[in-house]
Amino acid sequence: MKPLKTYAVQPRLPELLQPLRGVVYDLHWAWNHDAIELFRRLDRDLWEASGHNPVLMLGTITQERLDAAAADPAFVAHLDRVVAEFGSYTASDSTWYHRTHNSTAGLRVAYFSLEFGITECLSIFAGGLGILAGDHLKSASDLGIPLTGVGLLYQEGYFRQRLNEAGWQQETYEPNDFHNLPVEQVVDADGEVLAVDVPLPGRDIAAYVWQAKVGRVDLYLLDTNHPDNSVDDRRITDQLYGGSRETRMKQEIVLGVGGFRALEKLGIEPTVYHMNEGHSAFLVLEWMTRLIDRYGMSFAEAKEAAAGLVFTTHTPVPAGHDYFSPGLVERYLGRYAAIFGHGINDFLALGRRNPANSSEEFCNTVLALDTAAYANGVSKLHGIVSREMFTDLWPDHPSEEIPISSITNGVHAKTWVSKEMKELYDRYLGPQWREEPADAQVWKRIAEVPLAELWRTHQRRRDRLVAFARRRLRQQLEDRGAPQAEVDMADVVLDPNALTIGFSRRFATYKRATLVLQDTIRLARLLGDTERPVQIIYAGKAHPADDGGKELIKQIIDLTKDPGIRRHLVFISDYDMSVTRYLVQGADVWLNTPVRPLEASGTSGMKAAVNGVLNISTLDGWWDEAYETDVGWAIGRRDPVADPAQRDRFEAHALYDLLERDVVPLFYERGPDGLPRGWVNRVQTAIAKLNHQYNTHRMVREYTERYYLPASKRQRRMTQDRGGPAKDLAGWKARVGAAWGNVRVLAIESSASAEIEVNDEMTVRAQVHLAGMTADNVVVELYSGPVDAAGELRCEQTTEMEPVEAVGDDHWFEATKVSFGKSGLQGLTVRVLPHHPDLVNPHRMGLIAWG
């Protein structure tokens, strides 16, 4: 039955508590310990029962409790303090961006992501990608970056996890009540609810726009549950990562195209669009359409005018990228082919590795890489993997010069640090650790913290983790109808004084959650040692369609039934941000065992590091660049092992060896006062060396200075004079592209003999046929370095050659004072690349000619 009228019912707050309404709707509370403590103080049990949702909490709390809080001077003073802090935070003009780049006019970043993990009560995220996006917004807010987030508001969000009696994961979806979430529906100037039209085959659908305040940053979320839509279209935004490929196509159109249109309706004109993964890549098509209409451009010209595109890939395997069949793309996006003046195959080529292959599927990542001015992976190793993955888009270009860079992920320290560690940092590091967490000098002050105080702080967090794990285990056993004896056992599992290993993440098979369980005899010996006990706490979800990941969870559950192991091994179901916080704040060791190089970055270990938890991991993702012998432990080597079974056996053996010989002895090596000095010294070293680098303040500053600011500047330039520079660049590219097939390196001359000594200088000249182009249209480079056993030149240096003489279409270029700094077999060659002052990177055009 449908209601005749609806009402948005608000809680009746006493006058002194009215400021609470503003506090609960600003998600700045999610990284403010004092605000969270205020909610707990109002009603601790209700705070937990509401899923840490202060809006729902205010809507269900009794009037008597509100009146009592209003009559409590201490509570009112606490509220006033939180409100004053929020006001000071949002009003401040002393942010990093304001201090450093405020003279840069006009930057406005739109950050698109299919998921955002800001707080557990806003269930619009599945795992690491969403958590990273949420931390990105929080740091952008702290730093004062002019950034707006765009995503989807899911009616059911991601699934809730429960385990049946056999230990098999079951998924349930619970509907979100948007009116009891920290989001508000956007209305227009006339007070009417705002909706945007999104084009789908044969119809336009309507999408509501909701706003979440994330400190200084606005996050806009689209929702297709609109009464004007069909039943099927209303369900487009039901579930994150649910449904068919066609459902994914529709979601990504709503995100990219609908999100672009929502910003237009809101009067927000970004100069930079940041695509966090390829899910939002269709925004490119809508932006180009707008540029064509606004400036009377061709498609090629609009492609140059859309100069403010940034793309981040998080996926290290080809299968992880979005692919859509040609028929599906033609049906849903064919309208753009007509607008661009393309035949459908030319349009499909925008998303194909091989444009000539008419049967190849359309890949959003290829579209994003083809159009973005800047593209990056999310760790140094992932940058290498991504460049190698997409070499076919830039044939003949050295893989290290393919235009995909890297910016290593980080975490938002204030979100993930425990209250106890925050207070410790405040005492010894001062407020700078919160305000300037990327400052290495700040974290070096951790050496001033007495070892005993640091150790006691962490012991309190381990105590809390054990108590939490027992409560959750009892609850999940009761929920699945376990025998009472098994339920009662939950009260005595784990030891608050034992070395505790944490593992909490998505259960994908490549992450190898059960690597440490491979040898049950060695495992039982480790866990059951009465003098030096070890315990492991797991949490995580497998994708609903990933039976391999579900099988890993079942293996763990099966092992927890072993009488000799059950007290030392726990799996906490229904993993979310709250579970993660307990684990990364209370474990002693953070375990990460992905198959190298399949972990793009990984951030759970960074969250652990903020809390003084030591990492033990394979050399993959962020740990490949972060690892040093004094900050944690590395499992195995960087060398690839061809046989997966042999690799797993070798790395499991290496892990057991590390635990038995290094980790456990160090943890239990105590002085007369019971203090494990060696362990705590290592904790201090890890905090000092890791935390300044692996945080999102450093990461977002990198994005801003390396990508956002130059992209914004270039975007403004390309659209000056009704897009004159973009039109000129497109014309130049067409002329150069037409001539490039005839560019040749005809001859190379050197002043040196075949045998020279280290650092002997020589002059090298190259004769290049430019096919009617002038010398300023190209850059000619000397490419030199050692020659390996296979006769391949490995470049160690490129030297730009200067034009010295022209004879018709042939030009001579010269490099002087050329030398080799090492002995052995060295070589050189010459290459030609296009050159134009408006090119971001000469390799982006995909044109290169070798001698």
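**Briefing: packing, pairing and rings in a predicted model**

Alanine 69 is buried, with a relative accessible area of 1%. Buried means under 20% relative accessible area, exposed means over 50%, and partly exposed lies in between (1.4 Å probe, protein chains only). This is a predicted model: local features need pLDDT of at least 70, side-chain atom pairs count only at pLDDT 80 or more, and totals for chains, interfaces and linings use all residues. Residues are numbered from 1 along each chain as its sequence is written, and side-chain values use heavy atoms, with hydrogens and water left out.

- Alanine 69 belongs to helix 5 (residues 63-70). Helices (H or I, at least four residues) and strands (E, at least two) are DSSP runs, numbered from the N terminus.
- Alanine 69 is in contact with Leu17, Leu42, Phe75 and Val76, leaving aside neighbours within four places in sequence. Contact means heavy atoms within 4.5 Å.
- Glutamate 330 is 261 residues from alanine 69 along the chain, and their C-alpha atoms are separated by 60 Å.
- Threonine 799 lies in strand 24 (residues 797-807). Its relative accessible area is 23%, so threonine 799 is partly exposed.
- Threonine 799 touches Val780, Glu781, Leu782 and Ala815, not counting residues up to four places away in sequence.
- Threonine 799 and glutamate 400 are 399 residues apart in sequence, and 16 Å apart in space, C-alpha to C-alpha.
- Serine 379 sits in the loop between strand 13 (374-377) and helix 16 (380-389). Serine 379 counts as buried because its relative accessibility is 0%.
- A polar atom of the serine 379 side chain lies 2.7 Å from the backbone oxygen of alanine 600. A polar contact is a pair of N or O atoms within 3.5 Å; within protein, one must be able to donate a hydrogen and the other to accept it, and residues adjacent in sequence count only if both atoms are side-chain atoms.
- Beyond neighbours within four places in sequence, the contacts of serine 379 include Ser406, Ile407, Gly621 and Trp622.

**Helices**

- Helix 16 is mostly covered, with seven of its ten residues buried. Among them are Leu381, His382, Val385 and Met389.
- The buried residues of helix 16 pack against strand 13, strand 14 (405-406) and helix 27 (622-626).
- Helix 21 (residues 451-479) has 29 residues. Helix 21 reaches 42 Å from its first C-alpha to its last, close to the 42 Å expected at 1.5 Å a residue. The expected span is 1.5 Å times one less than the number of residues.
- Glycine 481 follows helix 21 and has a positive phi, near 75°.

**Strands and sheets**

- Strand 19 (residues 614-618) is mostly covered: five of its five residues are buried.
- Strand 18 (residues 589-592) runs parallel to strand 19, and four bridges join them. Two strands pair if DSSP finds at least two bridges between them.
- Valine 589 has leucine 614 in strand 19 as its bridge partner.
- An open sheet of seven strands has the order 21-22-25-24-23-26-27, with antiparallel pairing. Strand 21 (744-750) and strand 27 (849-850) stand at the edges, each with a single partner strand, so one side of each is left without a neighbour in the sheet.
- Strand 21 pairs with strand 22 (residues 762-769) in the antiparallel sense over six bridges. Here valine 745 stands opposite valine 768 in strand 22.
- Strands of a sheet pair through backbone hydrogen bonds, either parallel or antiparallel.

**Aromatic rings**

- A search of the whole structure finds 35 aromatic pairs. Rings of Phe, Tyr and Trp (its six-membered ring) pair if their centres lie within 6.5 Å; planes under 30 degrees apart count as stacked, over 60 as edge-to-face and the rest as tilted.
- Phenylalanine 503 and phenylalanine 507 form an edge-to-face pair, 5.9 Å centre to centre with 70° between the planes. Phenylalanine 503 is buried, and so is phenylalanine 507.
- Tyrosine 703 and tyrosine 707 form an edge-to-face pair, 5.9 Å centre to centre with 65° between the planes. They are separated by about one helical turn because they are four residues apart in helix 30 (residues 696-718). Tyrosine 703 is buried, and so is tyrosine 707.
- Ring pairs link Phe299, Tyr336, Phe340, Phe347 and Phe362 into a cluster.

**Charges over rings**

- The charged end of arginine 216 sits over the ring of tyrosine 89, 4.0 Å from its centre. A charge sits over a ring if NZ of Lys or CZ of Arg is within 6 Å of the ring centre and within 35 degrees of the ring normal.
- Lysine 607 lies over the face of tryptophan 416, at 4.9 Å from the ring centre.
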